[in-house]
Amino acid sequence: MFYEIHTRSAFSFLASGSMPETIIERASELGMPGIALLDRDTVSGAVRFHCEAKDAGLKAMIGAEITMDDGSVLPLLPIDLAGYQNLCKMITNIKLNHPKGEHFATRKDIEEHSDGLICLTGGADGLMHRSIRSGNGQRDLAWLNYVFEKRLYVELQRHYLRSEEDVNQQLVGLAHKLHLPVFASNGAYYAHKDDRELFDVFTCIKNHCTIYEAGKILSQNAERHLKSAKQMMRLFEEFPEAVARTEEIAARIEFSMDDVGYTFPDFPVPPGETMDSLLRTLADKGARNRYGTITPQVRTKLDHELNLIAKLKLAGYFLLVWDISDFCRSRRILSQGRGSAANSVVCYSLGITAVDPIAGELLFERFLSEERGEFPDIDIDLPSGDDRELVIQHVYEKYGRRGAAMTANVITYRGRSAVREVGKVFGFPEEQIGHLSKSISHYGVMEFGEMVERFKESGFDLKEDFRTRKFVELYTRILDFPRHLGQHSGGMVISLGRLDGVVPIEPASMEGRSIIQWDKDDCERLGIVKVDLLGLGMMAVLRDSLKLIKDHRDETVDLAKIPIDDKGVYETVQKGDTIGMFQIESRAQINFLPRSRPETFYDLVVQVAIIRPGPIVGKMLSAYIRRRQGQEEVDHIHPWLESTLKRTLGVPLFQEQLLRMSMIMAGFSGGQAEELRRAMGFKRADKRLAKIEQNLRDGMTRNNIDEETQDRIVHNITAFANYGFPESHAASFALLTYASAYLKVYYLAEFTTALLNNYPLGFYVPATLIKDAQRHGLRFRHVDVNRSDYLFKIEEAPGPGSEGVVRIGLKYVKGLREDTAQAIAAERGAYSPETGTERPYTSVEDLVRRVPLINKKEIRALSLAGALNFDNAVHRREALWQSELAARPNGELFQPETPPAAHAFLQKMTEWQAMEADLQAMSITIGKHPMAFLRNDLKNNGVISAIETHGLPKREIVTVAGAVIVRQRPGTANSVVFITMEDETGHSNFIVMPDIFERFRRVITHHSYLLIKGISEEGNLIKALYFEPITAFMAEIGSHDFH
Amino acid sequence: MSKLYACIVSEGGELAVLAEQFAYRIEAIDGGILFDVSGLENRIGTPTQIARSIKLEMDARGIDGALVVAANARTAELYARSREGVTVVAEDEHLPLPLEALGMDGDTLKVFHALGLESTADLKAIPENELIARYGSEFRATLDLIDQNGLHILTPNLKEHRITWDHGLDNAVEDFEQLIFILSHGLGKVLEETQHFGFSSEQLDISLSLDDKTMANYSIKLSFPTCDRNFWLKLINLRIGNNPPPAAISAIRLVCHFARPRAIERGLFAATRPEPESLLLTVDKIKKIVGNENVGVPVLVDQRLPESFDLDASQLPLGRERTDERNIRPVVALTHFNPPLLATITIKDGRLTYLRTQHFGGPVTEYGGAWMQSSQWWTRGFWQQMEWDVEVDGKRIYRLARTADGWFVTGGYD
């Protein structure tokens, strides 16, 4: 019997060629009863290793290799929970006490954390190999023996290397001398022999060299793969006891990842209260606030939920989330729970969520059930930026730096990064790598055949060129391998006592943040509670809009009280006039809205959920539209399902509906139904799903459901595996959708200002948002050092009833630092004895003198952006020319006394040039749209505008020109590409079939302004047939220069 | 008399040779050549006629590129880099150029473009004091460049650096050794002339025109400079003798490249060591016996290959002695067999028992291994090999390898 006691996985980052799952799979194939994973200073791969081993019936042992201060490693393996906690704490210590990437353990660290840990002497990079080579073998082995007492094992590794044997002989001698047990290991770095290639590639990536330059840093052979007991016996034929000893080591290890000692923290309660009683008090109080009086229906629901929460001992968790929500309320931070939590009356009553689950008929079991035996998942949306950071830091403060941390996000090699890094290893020139990675990242991962074509375009023959072929092979193999640990967007883990005893904590790249070494899936698998504090740009937009409305109009808008059935809002949404609106602004949504014509809030809930890959691929979308338009009769599959499916016209769209269907038709309990949903969510459901499907059919048979209906129900439920959007989540999002639509319709200036100030968010660039707002009548004023603040703001506009004019903020001037922009605004606003108010800048010299922070590049940027025109006293070029003088370093003595006179040699910019300068300096323009300048030429040559593409008769051949604002290749669209172009009249939409896209790939992907010839289809869509860059077209017709 | 400069920017061709036809003050510039043609007015005529002459020479030599003749060296270069064909710029003439040609920094260029300035003509429209006030007095150099004012800087950097000796034979000679006398004469001349310039030489190029209309070229490079005619002669004889020309010789060209003379300074008690000349001759004599490719310096290969070192035939041994006495660990020396010895191995019960080669053989009394190596999987040259260290007949230990071609003894441990 042989257990491999020393294995590394890809989570050692660039030091292994196999994923934990592959290692387990191979160990299982080799008939190994158990295997240990010791990644370098991490347990990041431990959970998936453990779970995979459990499924395969193998004993998984988890440890880690610890990097020592001399660069060697010391492999440690916990015997029990105490040992595991020591290991985690030690890794945390060394990671948090050193700059990122420079951590190491000292001998003192090892001595302090040695309890409960087995120490292995390691392989060629191990501490003992290094000691022996430096002549200190006996001294260091004696030290290890002293520290680990009876828990030290001398490790022999044989990879058919001459150099290794010398050390092995010495190790055996020393072990004999000190009466230490010897064991055999292969120090596996990968599962299969072939994985050596990937390991070598990682070695090159780590050492920043090509495979051709790597030389002797590459492995000498491919022997570091997992080996069977037979192979190991042959390898260590003179040390059979060393192979047998692996069984003894495995037997000593009691620790399992099934029990990592995680306990959720108790919530502090006042004397005389328990957590359950406190939660009940708070929920009752909140319910009275929400519902006015607690009706019997509310009481029943509340009691049901509270009893279950008490039974599952989850009161602490709810109180913790309530505490976070309460903190947000106390700081006036907008927050809203989303996800399945919105199914809970308790969450609604506690103010965690904003959707009434009783009114929305939401299903509590989707959120919590007794059978599942796991913590519920509550996500809280917060405004992105400072507000969210405040909440995160509140959690850190409350539970301590070692009691709370963010979950990790495993960043993997994806298309672009994989091409770039593997391309470098194979020595491809930067230019070719860039071109290729751009092509790949633009439209996702390629099929092999497509890759052959793409390589051909770049001048490589994949069929002939060995190097390129090998590159492609390795590129494909490296995909989805972990690259490094990032930070999850908002998941926080909290533990009673020390979290670093459960999982190592390490510093995140972001100041003030720390992360655990597991991602959210790992946490979920081990039942570790996570609270998601997610930053949502739209929440920040709403927050800022409300403030602007208050400041500008002196109106207080309460989002909880805005009319939910406003006609004007729905009319706008029905037109697809939704740019900037949350969740319904995408090209697909805009295309779909005029057909679905939402009229109620629930229609919006459906709208949010339906434009998703699942419903589109599952043909749910088209069925829903046909029924919505009355072209198809509503069919509820079975009369029993009418109440469940009537709101979605018989089309199952939500996870809650799936749960209900199984409960009604097959008599499933809430927990069983949820298990069904989860089984479908897994990529490799296989046996599990088959079993549940059988239970479903059995249940339906018991209920006398005929076979045909059974098939239809099973088919519908199976389709959920691909989409399944929770209704509660859609409802939470729809609230934000409605709020954003309401603000856009009635408070356009404030909403647009807030949108632009919170960019990046949403689908569109600021230039598009501005043009859209202008088309809705909003006026903008140019950026100006004497008027603009750092952010966009609203200024009073002349004339009664005007909603104000938006002043462009200095934020958008490229190259202007935020500090400088703030200093410009602050200095201008500083008190002046003469006026008592603002003290505007009088000239460039004045600006430079009063804002010493400003540098030459910034002055140039401001003048180019037109921010230094001083009430049109000078034109933009004049300002720039003056800036060049003002930017020269000189002392007081040499300051010019009088402002320079106008310069005749400088021509005022034309409108076209000013527009170009705007785009160059700020990427936005409030002047004419670039296409407006070309309109006459275009019109004369039969090119129509975007507005003219709306309502075209079918099959008409047209030519349209515009600025490309969207290029999309949805995974659901069978390689079809969607393009949206913008001009001064609006947007035109195009569908590009794969063959046409291939023909014009370069033009489409490399040019921002296009001329497209196509044939009109339904729904204002044009099927593109021919593409040309506008520059080429304008040159052809002899028009003025178009850059 | 006014100055006149020519500049050629071309991707290739013998620009220096061409320039030598017209000037003695020549500056090689990046991607071209700049030369002083002042004074050629008397010989050739107007700047336009000079330009025409240079162009004719360019055409004759197959040189394609831009040619500019101007009164200022830098102006000539500036125009040559910005225009195509032949341009003659009169002393007070100004031809507009795009501002990019002035080589100013990118930010300033962007500002000029934003100001609506596109060419040197636009820039000249701005009063000089305005420009100087903004961009400092150093900007005057840019303006001078446009105006062909300022310093006529040309830094000759193409000097004579070699001596050539040519000799044609009335009748082609089959045996190179017959030419030694003539070669000795030519060698004497070039070395004498080299010394006359105050130089020595560490490179000689010998080109032999052959009867079959082909050429045989030899380049002899030393690691030290010398003007020792006898030494050079012996070396030439050995090198050409090792690799004789394939046909009868009809003409000889000898090119002697200049090098700084050797400075020899030795202490009074310096140990006697062989002169480098005699060492080199000895090496060449060995080469003559064993072949050029089999003599050189062993160099470690930083690649995972079956052979851990390579033989660099272009290098000479450095002759450094081992000075690190601190490392007291015993060193096992391996004598590498080149070529490896084909071996026959007897295996009994999975163990190596007997080894035989053409030169030795015997029972395998002890062995270590197998050791396995493989690499180069990223090329078609993927290889893998197994090795053993075998003690034959209790006497000597050998390195035994098994490759795809069979069993080989690749070396022996001393």
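Trainee: How many bridges join β14(B) to strand β15 of chain B?
Mentor: There are 10 bridges between β14(B) and β15, which covers residues 383–392 of chain B. The two strands run antiparallel. Keep in mind that this is a predicted model.

Trainee: Which residue is the bridge partner of B:Gln373?
Mentor: B:Gln373 has B:Gln385, in β15(B), as its bridge partner.

Trainee: And what holds paired strands to each other, in general?
Mentor: Strands in a sheet pair through backbone hydrogen bonds, and the pairing can be parallel or antiparallel.

Trainee: Which strands close into a barrel in chain B?
Mentor: Six strands do, in the order β12-β13-β14-β15-β16-β17, with antiparallel pairing. On average, neighbouring strands of this sheet are turned by 45° against each other, direction ignored.

Trainee: Switching to the other chain. How many residues does the contact take from chain B and from chain A?
Mentor: Chain B puts in 22 residues and chain A 27 residues.

Trainee: Which element gives the most on the chain B side?
Mentor: β14(B), with seven residues on the side that touches chain A. The elements giving two or more residues to that side are β14 (361–375), α5 (106–114) and α7 of chain B. By type, the residues on this side of chain B divide into 11 nonpolar, seven polar and four charged.

Trainee: You mentioned α7. At what angle do the axes of α7 and α8 of chain B cross?
Mentor: At roughly 140°, and the axes come within 9 Å. Helix α7 spans residues 128–135 of chain B, and helix α8 spans residues 139–147. An angle over 145 degrees would count as roughly antiparallel, so α7(B) and α8(B) are oblique to each other.

Trainee: Which residues meet there?
Mentor: From α7(B), B:Glu128, B:Leu131, B:Ile132 and B:Tyr135 meet B:Phe139, B:Arg140 and B:Leu143 of α8(B). This contact has five nonpolar residues, no polar ones and two charged ones.

Trainee: Now the whole chain. How many helices and strands are in chain B?
Mentor: Chain B has 11 helices and 17 strands.

Trainee: Is it spread out or compact, and why?
Mentor: Chain B is more spread out than a compact globule, because its radius of gyration is 33 Å, well over the 22 Å that the globule rule gives for 414 residues. Its C-alpha atoms fill a box of roughly 95 × 65 × 55 Å along the principal axes.

Trainee: What share of the residues of chain B count as buried?
Mentor: Of its 414 residues, 24%.

Notes:
Residues are numbered from 1 along each chain as its sequence is written. Chains are lettered from A and ligands numbered from 1 in the order in which they are written. This is a predicted model: local features need pLDDT of at least 70, side-chain atom pairs count only at pLDDT 80 or more; totals for chains, interfaces and linings use all residues. Helices (H or I, at least four residues) and strands (E, at least two) are DSSP runs, numbered from the N terminus. The radius of gyration is taken over C-alpha atoms; the globule rule is 2.2 Å times the number of residues to the power 0.38. A residue is buried if 20 or more other C-beta atoms lie within 10 Å of its own, exposed if 12 or fewer, and partly exposed in between; C-beta atoms are placed from the backbone. Axes are lines fitted to C-alpha atoms, for helices over the stretch in contact, and angles run from 0 to 180 degrees between N-to-C directions. Angles under 35 degrees count as roughly parallel, over 145 as roughly antiparallel, 65 to 115 as roughly perpendicular and the rest as oblique. Two residues are in contact if their C-beta atoms, placed from the backbone, lie within 7 Å. Ala, Val, Leu, Ile, Met, Phe, Trp, Tyr, Cys and Pro count as nonpolar, Asp, Glu, Lys and Arg as charged, and the others, Gly among them, as polar. Two strands pair if DSSP finds at least two bridges between them.
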